[in-house]
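Have the model open beside you as you read. Let's walk through it one piece at a time.

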Amino acid sequence: MANSVLPREEDVAAALRTLSDSAATAVRAPTGLALTVLRRARRRRILRRTAAGVGTGVVVLSSVAAFGLGRSDYFTITQPSDAMKPTVQVKEGVVFSKVLDPGLGDLVYARVTVDGTGFDMISRVMAQSGDAIACPAKADGACDAVVVNGEPVADPYLEELATKPFPLTVVPDGDVFLLGDNRAVANDSRSIGVVPVEDINGVAVQILDDEGHARAVPGAPSHAQPGDSDSVDPADRVPPASTDQPN
Amino acid sequence: MRTSDEERFTAFVREDGDGLLRFARRLIPDPGEAEDALQTVLLRLTSHWPKDNPRGYVRTSLVNIAKDRTRRRHLVAEPAETHRLAPADELDHAEAMDAQARLDSILAQLPARQRVTLVLRVLEDMSEADTAAAMGCSTGTVKSNLSRALDKVRVFLAESLTAVKDT
């Protein structure tokens, strides 16, 4: 019974069409529509440009900061072995410079490869290119001091000057001869041979004890220290203000 | 946008604005939301201007907005109760306003996709294939959506008729 009251689909569609046609004039776009849209578009353009400018600025600044602040000329290594006793004790820190060139007597941080395995070592430069280094045995089989180019080296920082004798080595061009300060135990150029200068990654400038106090490297030439180039007040006394001011 | 472009854009909106707003009103239940949608689409159009077929672009965008508007339910305004007596400030348009209000109340019964299908197929006289292309669905979906929409409208019309008879 209810079904007969329902209009057919085509009638519904037709009714909707008629309704929509007669409603056609009821909807009018607001008069200022185009102007509103154009104004919004302009505002959005300006906003985007500003945002892009600010964004670029932030990116540039942060990359400059990342490059500038993250870089330092120094790094610190904690001594893991007793190869450098008594100069550097186990667990003490050694501050190395990345920029200095290794000189005679310098403590260096070197990357060496033995039998295909690479490891890092802290050792002392005892002879450079062209030098002849040896520890000649005396009559009783012991060696009093390392001899470089015919001159015995004093090595005042050593606990025990006596070293097991080792034969004469002439250091080739571009290489250095490294010896650990603890001659009895150190694994150095006596066993692994000379080390190329390119494999030296740092030159020690100071030693830090367990409490963080810095001290100079015994037996090494003096180098610039970290923080020397910081722009702080001069270490000299500041001159007092002038007392003869006009009244 | 150059000044000449802006002038052409203004001319386009003056020419087609009424028709496009009417289209938006049919697709979207809430009158305010329909106007918002049209403005959004026109704003998008300005960044593509000049466009070969600006009218087609706006209509397609409106269909997309209308059929997807229920996807983010929390952002969708509840359609306001449509008043049969819309503010008829112009007496000449009283009948048109009345027809518009009735159309609104009928279309308000339908969910978004059924509503869009009905508007495109019946009121805009588009073919099944065109409607399917505009809505990004198959012709079968268009058919079923249309038939469900017409069913609902039919029942609603019958109910409103009996309601009128009863009172």
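## Ground rules

This is a predicted model, so to speak of a local feature here takes pLDDT of at least 70, and side-chain atom pairs count only at pLDDT 80 or more, while totals for chains, interfaces and linings use all residues. Residues are numbered from 1 along each chain as its sequence is written, chains are lettered from A and ligands numbered from 1 in the order in which they are written, and side-chain values use heavy atoms, with hydrogens and water left out.

## Where the two chains meet

Start with the interface. On the chain B side, 36 residues are in contact with 29 residues of chain A, contact being heavy atoms within 4.5 Å. About 3300 Å² is buried between the two, with carbon and sulfur atoms giving 69% of that. (Buried area is the accessible area, taken with a 1.4 Å probe, that two parts lose on being put together, summed over both.) In chain B, the residues losing the most area to chain A are Gln39(B), Leu43(B) and Arg154(B), together 19% of what that side buries.

Three salt bridges link chain B and chain A; the term stands for a side-chain nitrogen of Lys or Arg within 4 Å of a carboxyl oxygen of Asp or Glu. One salt bridge to look up joins the side chains of Glu6(B) and Arg42(A), at 2.9 Å from N to O. Helices α1 (3–27), α2 (31–48), α4 (94–107), α5 (112–123) and α7 (139–166) of chain B each put at least two residues into the side that touches chain A. The biggest giver is α1(B), with 10 residues. Helices here are DSSP runs of H or I with at least four residues, strands are E runs of at least two, and both are numbered from the N terminus.

## A strand covered on both faces

Now switch to chain A and find strand β5 (residues 132–135). In a regular strand the side chains alternate between the two faces of the sheet. In β5(A), Ala132(A) and Ala134(A) sit on one side, Ile133(A) and Cys135(A) on the other, and all are buried. Buried means under 20% relative accessible area, exposed over 50%, and partly exposed in between (1.4 Å probe, protein chains only).

Which strands does β5(A) pair with? One is β8 (residues 166–170), antiparallel and joined by three bridges, where Cys135(A) stands opposite Phe166(A). Another is β6 (residues 147–148), also antiparallel, over two bridges, with Val147(A) as the partner of Ala134(A). Pairing takes at least two DSSP bridges between the strands.

## A buried threonine

Back in chain B, is Thr117(B) buried or exposed? This residue of helix α5 counts as buried because its relative accessibility is 0%. Leaving out residues up to four places away in sequence, Thr117(B) touches Val122(B), Thr131(B), Met135(B), Val142(B), Asn145(B) and Leu146(B).

Most residues other than glycine have a negative phi, and most peptide bonds are trans. Lys85(A) and Pro86(A), though, are joined by a cis bond with omega about 0°, and Pro86(A) lies in the loop between β1 (74–78) and β2 (93–97). The bond from Trp49(B) to Pro50(B) is cis too, with omega near 0°.

Asp115(A), not a glycine, has a positive phi of about 55°; at 77% relative accessibility, Asp115(A) counts as exposed. Asp125(B) has a positive phi of about 60° and is exposed at 57%.
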